Amino acid sequence: MRKIAFGYSTRCNVRCEHCVAADAVLDSAKIDLLQALDIIDDMAAAHVKGISFTAGEPLLYLDDICSLLTRCKQHGIYSRVVTNSFWAKTPAIAESIVAKLQENGLCQLRLSYSRWHQKNISSINVVNAAKSCQKSGLDYFVSFVTDFSEEDDTFEAYLRGNELLFFPEPVIYSGRAQGFPRKPLQTDYQDNCCVMNPYLAPGLDMYACCDAGSHFSKTNFFHLGNLQESTIEQLLLKSEQNILYAHIRNIGISGIASFAGFTAREIVQYRKCELCEKLFNSPDTLAMLEKEATAGLEKWHR
Ligand code: SF4
Ligand code: SF4
């Protein structure tokens, strides 16, 4: 099923230290609303079935996002908004905004939460937003971004204590989190396969991966193209037909690293996106993998 992360704007009202969406060049870029509506029409024609509004803080543009949600609803596209809950200052305000989003067709609200977010946004906002969803029946979950350190235990306990639905999500060491100190991992050998949903940035560049993929500056490996030069259909086909992307989905980053000569002991020391960067943001390694994509790498699976 075709799904896209839609970066309507990179503008945000806070500056979290760990923000992966932070872009030094286009700090507050935004797509023109009428153009964004046309893009959603094109996405519908290209059989996109899910759109997640993300990047900066989408609800800084509440009315625009409502128009975009309505357009998604008209096309039968599943919609999600990722927000930092800055708007949910009281239960009453939260309820009125959740009602507005729901009236305009929002299918799911994803609430970002972490010890970094909560330096800027009160935790009670997240509770207000989540409780409003619970009350109105809007699907929601809290995305609990963590580096698995002990200081995150109280943040996790807060979510449990308030009976919120939440899922831990590892911090991505990219964007502003690039220089964060890494804690040693305590896990076994994972395949590290990625679904890879494409990401449309406000400058209309599309990337094959919506997480750290737009930061691979040495090779631009995940860059699919720009909507000013290509159609949605062409860019999606590029994402679906690229053999190395298919290997990331099926073999996984660990298997590809093993093929590239990384030892198993080395592989378990990296986070998924860091290992991905080692492989695909290195021009030499990428050239080798491209050469082997339909040869040795093709056979490198159980
Ligand atoms: S992590 Fe989210 S809330 Fe924080 S600065 Fe980035 S976009 Fe804004
Ligand atoms: S491992 Fe690579 S493909 Fe997967 S989310 Fe990270 S950057 Fe994207």
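In strand S5, Phe141 is the bridge partner of Arg110. This pair belongs to a predicted model, in which local features need pLDDT of at least 70 and side-chain atom pairs count only at pLDDT 80 or more, while totals for chains, interfaces and linings use all residues. Residues are numbered from 1 along each chain as its sequence is written, and chains are lettered from A and ligands numbered from 1 in the order in which they are written.

Strand S4 (residues 108-113) and strand S5 (residues 139-146) run parallel and are joined by 6 bridges. Strands (E, at least two residues) and helices (H or I, at least four) are DSSP runs, numbered from the N terminus. Two strands pair if DSSP finds at least two bridges between them.

## Leu111 in strand S4

Strand S4 also holds Leu111. Is this residue buried or exposed? Leu111 is buried, because 26 other C-beta atoms lie within 10 Å. A residue counts as buried if 20 or more other C-beta atoms lie within 10 Å of its own, as exposed if 12 or fewer do, and as partly exposed in between, with C-beta atoms placed from the backbone.

Leaving aside residues up to four places away in sequence, Leu111 touches Thr83, Ser85, Val126, Ala129, Ala130, Tyr140, Val142 and Ser143. Such contact requires C-beta atoms, placed from the backbone, to lie within 7 Å. Leu111 and Phe166 are 55 residues apart in sequence, yet their C-alpha atoms are 9.0 Å apart in space.

## The sheet as a whole

The order S6-S5-S4-S3-S2-S1-S7-S8-S9 describes an open sheet of 9 strands with mixed pairing. Strand S6 (166-170) and strand S9 (223-226) stand at the edges; each has a single partner strand, so one side of each is left without a neighbour in the sheet.

Helix H6 (residues 232-241) lies across strand S1 (2-9), strand S8 (205-207) and S9, and runs at about 170° to S9. Axes are lines fitted to C-alpha atoms, for helices over the stretch in contact, and angles run from 0 to 180 degrees between N-to-C directions.

## Strand S2 and its neighbours

Strand S2 is mostly covered, with 6 of its 8 residues buried. S1 and S2 run parallel, joined by 6 bridges, and Lys3 stands opposite Gly50 in S2. S2 also runs parallel to strand S3 (residues 78-83), with 4 bridges between them; here Phe53 stands opposite Val81 in S3.

Val48 lies in S2 (residues 48-55). Val48 is buried, because 24 other C-beta atoms lie within 10 Å. Not counting residues up to four places away in sequence, Val48 touches Arg2, Lys3, Ile4, Met43 and Ile77. Val48 and Tyr78 are 30 residues apart along the chain, and 9.1 Å separates their C-alpha atoms.

## Ligand surroundings

Ligand 1 is surrounded by residues including Cys12, Cys16, Cys19, Glu57 and His117. A residue is near a molecule or strand if its C-beta atom, placed from the backbone, lies within 6 Å of it. The shell around ligand 1 has 5 nonpolar, 4 polar and 2 charged residues. Ala, Val, Leu, Ile, Met, Phe, Trp, Tyr, Cys and Pro count as nonpolar, Asp, Glu, Lys and Arg as charged, and the others, Gly among them, as polar.

Around ligand 2 stand residues including Cys194, Cys209, Lys272, Cys273 and Cys276. This shell divides into 8 nonpolar, 1 polar and 2 charged residues. Helix H10 (residues 272-280) supplies the largest share of the shell around ligand 2, 3 residues.

Note on methods: Contact = placed C-beta atoms within 7 Å.
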